Amino acid sequence: MKNQFGKTSELRITAEGTEGRTRLADVYFTAPFKVMEPFPLKGGLQVMLLSASAGVMAGDEQKFSFLVKEGSHLEFISQSFEKIHRMEEGCARRKMEVTVEKGASFDFYPQPTIPFGGSAFESETSVTLMDETSRFGMYEIISCGRCAHGEQFRYQFYRSLIRIWRNGELIYRDNTRYEPDCMQMDGLGMYESYTHLANIFLTGNRITEEETQEKIRDLLGKTPDVEGALSTLEYGDAAIRILGKRAQTLQRLTEKIKEIAG
């Protein structure tokens, strides 16, 4: 099935840092994407993605590319919840490539994803961190579908492969494959009666500190109507999974975790 735009929809952003400030050295996008005027952050920029489309449709092919150069700080957000629509045939695909150079940082923080009943989506994310000074944060939330329409776990499949390298070595791999027709999605080891899942990955000096990790674990334990845990990886990075019953609850919780992790 052909992409409705006749070609792969692309977003390409390059950020570079000079004297403690970040600027966009290159911005390129094709339909349906647009990029708002960047918002200033302390020492960096926040970029918001806009889309002229009602959502992700059958046959859509998307490619995101981010190059965060030495000394720059970039945060990526999106305008609204991402809706993956019903597909009579085929699926939609997205490929994302990220490079974070020495002394640079990148936070990927889109709005939550809603896979509609009958939708099918595949994504592949590759992140290259040049060394230990390259910082990266990924914050993603995926719902079970449109609960108000009775579409809990009614999508065909949702597949996501995430790989992160540092110094040329693979430090994190997450191969998520949700196929409700052959899985008990609300059962043990899956969503466990919850409706939303937050998947977070964090690098940086503060997340390696035991005090920071304990603050996050304490926050998870004290937040009602959620279940979550933080795992430390071999080189001090952290992976966090949180189950909840409302996207807004997980968004607020994620904001607090971002603040604690610095």
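Here are some numbered notes on this predicted model, meant for someone opening it for the first time.

1. If you want a spot to check by eye, Gln 62 stands opposite Arg 94 in β9.

2. Arg 93 and Glu 61 form a salt bridge, with 3.4 Å between the closest N and O atoms. Arg 93 sits in strand β9 and Glu 61 in strand β6, so this pair ties together parts that are 32 residues apart in sequence. Neither end is hidden away: Arg 93 is partly exposed at 37% relative accessible area, and Glu 61 is also partly exposed, at 29%.

3. **Another one, across β12 and β14.** Glu 124 and Arg 163 meet through their side chains in a salt bridge, 2.6 Å from N to O. Glu 124 belongs to strand β12 (residues 120-129) and Arg 163 to strand β14 (residues 157-166), so here the parts being tied together are 39 residues apart in sequence. Glu 124 counts as partly exposed at 28% relative accessibility, and Arg 163 counts as partly exposed at 23%.

4. **One within a helix.** Glu 211 and Lys 215 make a salt bridge too, at 3.8 Å from N to O. Both are in helix α1 (residues 210-222), and because they are four residues apart there, about one helical turn separates them. Glu 211 is exposed, with a relative accessible area of 54%, while Lys 215 is partly exposed at 45%.

5. **The salt-bridge network.** Through shared partners, salt bridges join Glu 61, Arg 93, Glu 122, Arg 159, Arg 177 and Glu 179 into one network. For the structure as a whole, the count comes to 17 salt bridges.

6. **Phe 66 up close.** Leaving out residues up to four places away in sequence, Phe 66 touches Leu 11, Ile 13, Leu 74, Phe 76, Met 96, Glu 97, Val 98, Thr 99, Phe 106 and Phe 108. Phe 66 is also part of one aromatic cluster, together with Phe 33, Phe 64, Phe 76, Phe 106, Phe 108, Phe 136, Tyr 172 and Phe 201.

7. **Aromatic pairs.** The structure holds 15 of them. Phe 106 and Phe 108 form one that is tilted, with 6.5 Å centre to centre and 45° between the planes. Both of these residues are buried.

8. **Strand β10, covered up.** How many residues of β10 (residues 105-109) are buried? Five of its five. Ser 105, Asp 107 and Tyr 109 point one way from the strand, while Phe 106 and Phe 108 point the other way.

9. **Partners of β10.** Strand β7 (residues 73-78) pairs with β10 in the parallel sense over five bridges, and His 73 has Ser 105 as its bridge partner. β10 also runs parallel to strand β13 (residues 135-143), joined to it by four bridges; there, the bridge partner of Asp 107 is Gly 137.

10. **A buried serine in a loop.** Finally, Ser 119 is found in the loop between β11 (113-115) and β12. Is Ser 119 buried or exposed? At 1% relative accessibility, Ser 119 counts as buried, given that the cut-off is under 20%. Not counting residues up to four places away in sequence, Ser 119 touches Ile 84, His 85, Arg 86, Met 87, Tyr 155, Gln 156 and Phe 157.

Key: Residues are numbered from 1 along each chain as its sequence is written. This is a predicted model: local features need pLDDT of at least 70, side-chain atom pairs count only at pLDDT 80 or more; totals for chains, interfaces and linings use all residues. Side-chain values use heavy atoms; hydrogens and water are left out. Contact means heavy atoms within 4.5 Å. Two strands pair if DSSP finds at least two bridges between them. Helices (H or I, at least four residues) and strands (E, at least two) are DSSP runs, numbered from the N terminus. A salt bridge is a side-chain nitrogen of Lys or Arg within 4 Å of a carboxyl oxygen of Asp or Glu. Buried means under 20% relative accessible area, exposed over 50%, partly exposed in between (1.4 Å probe, protein chains only). Rings of Phe, Tyr and Trp (its six-membered ring) pair if their centres lie within 6.5 Å; planes under 30 degrees apart count as stacked, over 60 as edge-to-face and the rest as tilted.
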